[in-house]
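Subject: Structure handover

Hello,

Here is the structure I promised to pass on to you. Please have a look at it first, and then read my notes below.

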Amino acid sequence: METGQLSLADIDALIDDRPQDGAFRVSRAAVREEAIFDLEMRHIFENSWVFLGLSCQIPKPHDFFTTRIGRQPVIVSRDGAGRIRCFINSCRHRGAMVCHRAAGSAKRHTCQYHGWVYDSSGACVDVKDEKQGAYTQAFLDEDHGLAQVRLGDYRGFLFGKLNHDARPHDAPAIEDHLGDVRMMLDLIVDQSPEGLEVVPGVVRYTYDGNWKLQLENGTDPYHFTSTHPSYIQILGERGKQAASSGHTSIYQNFNQKSISRGAFCFPNGHAAIWGETPSSDARPIFRRLAEITQRLGEARAKWMLYTRNLSIFPNVQFAENAALQMRIWRPLSANKTEMTTYCLAPKGEDRAARAVRIRQYEEFFNPSGLATPDDANAYEDCQAGNVTDAIGFHQGYARGMAAVRRGGDEHAAELGMNPSTSIVGAFEMGDETVFHETYRTWRNLLRQGLERDLAHGERT
Amino acid sequence: MSGADITAVAARILFEEARTLDEQRFDDWLAMYAHDAIFWVPAWTDDGLLTSDPETQLSLIHCTRAQLAERVGRVEGGRSQASSPLPRTAHILSNVIAAEIAPGVLRVSSVATTHAFNIKRRATTTTFALVEHDLARVDERWLIARKTFRLQNDYIATMMDFYTI
């Protein structure tokens, strides 16, 4: 497989999806081939809704953060009137990035090359030496502002969509794109009546593996006991030592026999897993449960105490188990991925609960913690073992297939959700049907993209 | 002691600590830490500041001595695939300056470059940090009471642990 030589048949062959035979297999080429990576960038990351960040990261006028949509640098900025905008971080004059900081506050962004100046709404407010520039009217008639990107804001979760073609409104509204996975986002943002905040500090790391390895790991209950035994062991020892003084980690008392796990697939590639929390008194929100129950009802309060891992296709996960993590990835190539990770928390949390949250977060989620390094190592092992087409398909998408059902189950009904599929079972079931709709979405987007390429004659 | 003598004493302790890590004598390394020691690698914020309050802000690592002992157990226990086989390291220290900030307490600044060779991947990573130790005189020995890193290249290649920085 080389760029420019992919056929629609190649794309179709990426998934062996035969429900009538009980078969669902994903090609090992999916994480390996640069030709597929190229299609993913152009037709998924750069042509559909991509997560940018949170509105609470830019609370005041002129606050901004920078990120990427696929390969394209963008700025997410609150303008002088407080409206959030997203624009391409590339000067209209010659293309240089105009902002090099990860976040900050600025009324002006000045290109350091030829000195064009943009305000916090992205408008060009100065073309250096314009009067002396002997410009023609054709130039003066152009809009010199930074190119605006379509922005979607669901309750402070910000998404952007690049448009290569001239159909800026062909994407669904962000609410339609998210669908019922919104109810899972509500469980994050509603933990405090004051909303959500980011704990100061960002952790960035890379791993030598495909972005879909992270996408899968975030909703993969099957790996936990075999990838993280050293973490489980440490917390088990702590649990014995501190049995009388309360739990400081939700995984103390971890006993897989007593825990059930469920999963949902949603349209457009989103997915979630949920489970009962081994020691829910170690959850930082536990002591505020009465207030939460009164405000939102028992069902949602119960769900807030569940462990919940949520993938919003294609580039972000919210993992709430030991603490609440927002992890955003940027694929760098078929075999390298950059992770940008934040600890989130309900606003107004008391100091003791916040400290418990932060310590649990660091131990579990950091690449310098006790669990994530073992995940990242596993991704690298997968990438290293999967380098040729000697083997066609993985065997890792079959667990749960005999138990999954179409539509919602009674657990989904508690939140008023109508997912594409639902499953619930013992912890050891280690469901893998949670990946199926994601891969169907992924394959369909690649196929539609390649069809457009072929129709435009860009590829042969 | 004169300033030069203090610095010489402190440097010897820092070099010894580095050697225990590079020779993977982690029990000896732990024994250099006071029972109430804190090992702290603060994170950076998106606007370029180092976090300063581990109770309200994020750290890469914030460990008590007991938690360091857990980490030693984890990497030696063979049940962490990220630590097995253990990367080989070389800790290179320089620019050591020490001052006695209280009777029996030295504050030591140094610069550390650490190379770690991942045997599985045949790949080398390098971290560099400005480091501050507080050394406390306990029973005729200098023990590490606090070690704080200002990690200058906080863009982590796959993983980081107490022995790779």
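Some terms first: strands (E, at least two residues) and helices (H or I, at least four) are DSSP runs, numbered from the N terminus. Two strands count as paired if DSSP finds at least two bridges between them.

This is a predicted model, in which local features need pLDDT of at least 70, side-chain atom pairs count only at pLDDT 80 or more, and totals for chains, interfaces and linings use all residues. Residues are numbered from 1 along each chain as its sequence is written, while chains are lettered from A and ligands numbered from 1 in the order in which they are written.

On one side, S5(A) runs antiparallel to S4(A), residues 63-69, over six bridges, and A:Phe64 stands opposite A:Ser77. Two residues separate these strands in a hairpin, where A:Gly70 has a positive phi of about 60°.

S5(A) also pairs with S6(A), residues 84-88, through five antiparallel bridges; here A:Ile75 faces A:Phe87. This hairpin has five residues between its strands, and A:Gly82 in the turn shows a positive phi of about 90°.

Next comes an open antiparallel sheet in chain A, ordered S8-S9-S10. S8 (108-110) and S10 (124-126) of chain A each have a single partner strand, so one side of each lacks a neighbour in the sheet. Two bridges join S9(A), residues 117-119, to S10(A), with A:Val117 partnering A:Asp126.

Enjoy exploring!
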